[in-house]
Amino acid sequence: MDQAEYLRKLLAERKGQKISAKSAETIAVISGKGGVGKSNLSLNLSLSLLERNKKVLLIDLDIGMGNIDVLLGESSRYSLADLLQQEMSFQKAMTAGPLGLQYISGGSGLNSIIELNEQKWSFFSRELEELLDKYDYVIFDMGAGLTKEQLPFVVSSTHILVVATPEPTSLMDAYSAMKHITLNKKDLRFHVLMNRCLHQREGELAFSKLSKTMRTFLQQRISYLGNVPEDPLVRKAVTSQLPFVISHPHSKLSKSIYRVADAFLHTEEKRVEAKEASFLNKLSAFFKRG
Ligand SMILES: Nc1ncnc2c1ncn2[C@@H]1O[C@H](COP(=O)(O)OP(=O)(O)OP(=O)(O)O)[C@@H](O)[C@H]1O
Ligand SMILES: [Mg+2]
């Protein structure tokens with residue numbers, strides 16, 4: 001923290017408003033159709049951001065069906081459910097992955113967040129606030145089909161990364177998911193990543209169809225994060241339980257993920273200092289406790 005930042009924090013604290021020097025950017029990775037690559041892309045994006053010296057925490061919010069453990073050949077001792085139910089610290093619930101990645105596995109029982117009593121909620125929100133101060137990025141890997149417990153995490157996030165493939169069914173489902181989210185909250189930042197593209201043009205065409213539909217029917221702009229090629233290396237990485245950015249860092253596939261990481265770093269630089277409510281405030285409001 002430089003001197004100016006320190007003084008600003010001190011002043012704000014004197015005025016009784018607790019502000020953090022810099023809170024993590026949160027990225028919710030969603031899709032409409034399942035099995036389009038969310039978990040693989042979330043994991044490899046997290047590792048790419050780590051390689052760019054960012055502090056990253058990956059949270060598996062695909063409750064009950066979490067895959068990050070399986071993709072890494074790990075078996076987490078604790079999960080988000082333990083954190084919520086037993087007032088466990090985020091630190092204790094984390095598992096270490098490659099390159100110093102820290103992640104929290106899904107487990108089962110996110111529905112308990114709706115039932116947290118005041119004491120447990122205040123423990124959870126204090127922990128979350130500290131956590132957001134420590135990281136540059138917190139990435140949520142969501143399941144296919146958003147539940148009412150997952151939705152608040154999506155609409156409260158700084159960015160929503162929508163993974164789709166160029167197939168019409170996947171585009172239709174991505175549109176439906178964004179429509180559902182937009183009906184809950186307006187003015188969100190949707191970024192689309194086209195996975196499993198046979199060539200670049202295929203991804204661009206698919207995005208332009210999706211973007212036109214979003215503009216026409218929802219008056220919502222979306223941005224294009226680029227495409228990820230169809231590549232047998234993904235399956236190989238899943239089978240060998242070694243992420244492809246580690247096993248094949250120079251492949252076209254890995255480079256497509258580095259471009260996504262760089263795009264996020266770029267928006268981080270450009271983002272105007274948080275005039276908007278913090279992730280935690282938005283989350284609390286959504287759970288009607290704020
Ligand atoms: N770019 C790609 N090239 C080839 N195969 C891919 C690619 N991306 C994903 N796959 C295949 O799709 C499978 C599913 O990927 P992944 O588990 O990441 O999807 P998901 O969206 O997280 O699924 P779920 O909705 O069940 O959580 C992978 O195991 C792999 O076989
Ligand atoms: Mg998944």
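I began with N195, which has a polar side-chain atom 2.9 Å from a nitrogen atom of ligand 1. I count a polar contact as a pair of N or O atoms within 3.5 Å. R196 also places a polar side-chain atom 3.3 Å from a nitrogen atom of ligand 1. At G35 a backbone N or O atom lies 2.9 Å from an oxygen atom of ligand 1. Taken alone, ligand 1 exposes 640 Å², and the protein buries 82% of that (Shrake-Rupley method, 1.4 Å probe).

I then listed the residues around ligand 1 (a heavy atom within 4 Å): there are 16, and G35, K38, S39, N40 and N195 come nearest.

The model is predicted, so I kept local features at pLDDT of at least 70 and side-chain atom pairs at pLDDT 80 or more, while totals for chains, interfaces and linings use all residues. Residues are numbered from 1 along each chain, chains are lettered from A and ligands numbered from 1 as written, and side-chain values use heavy atoms without hydrogens or water.

Next I looked at helices α8 (residues 168-184) and α9 (residues 200-218), DSSP runs of H or I with at least four residues. They pack at about 35°, with axes 10 Å apart (lines fitted to C-alpha atoms over the stretch in contact; angles from 0 to 180 degrees between N-to-C directions). In contact (heavy atoms within 4.5 Å) are, among others, L171 and Y175 of α8 and L210 and F217 of α9.

Note on methods
Helices (H or I, at least four residues) and strands (E, at least two) are DSSP runs, numbered from the N terminus. A polar contact is a pair of N or O atoms within 3.5 Å; within protein, one must be able to donate a hydrogen and the other to accept it, and residues adjacent in sequence count only if both atoms are side-chain atoms.
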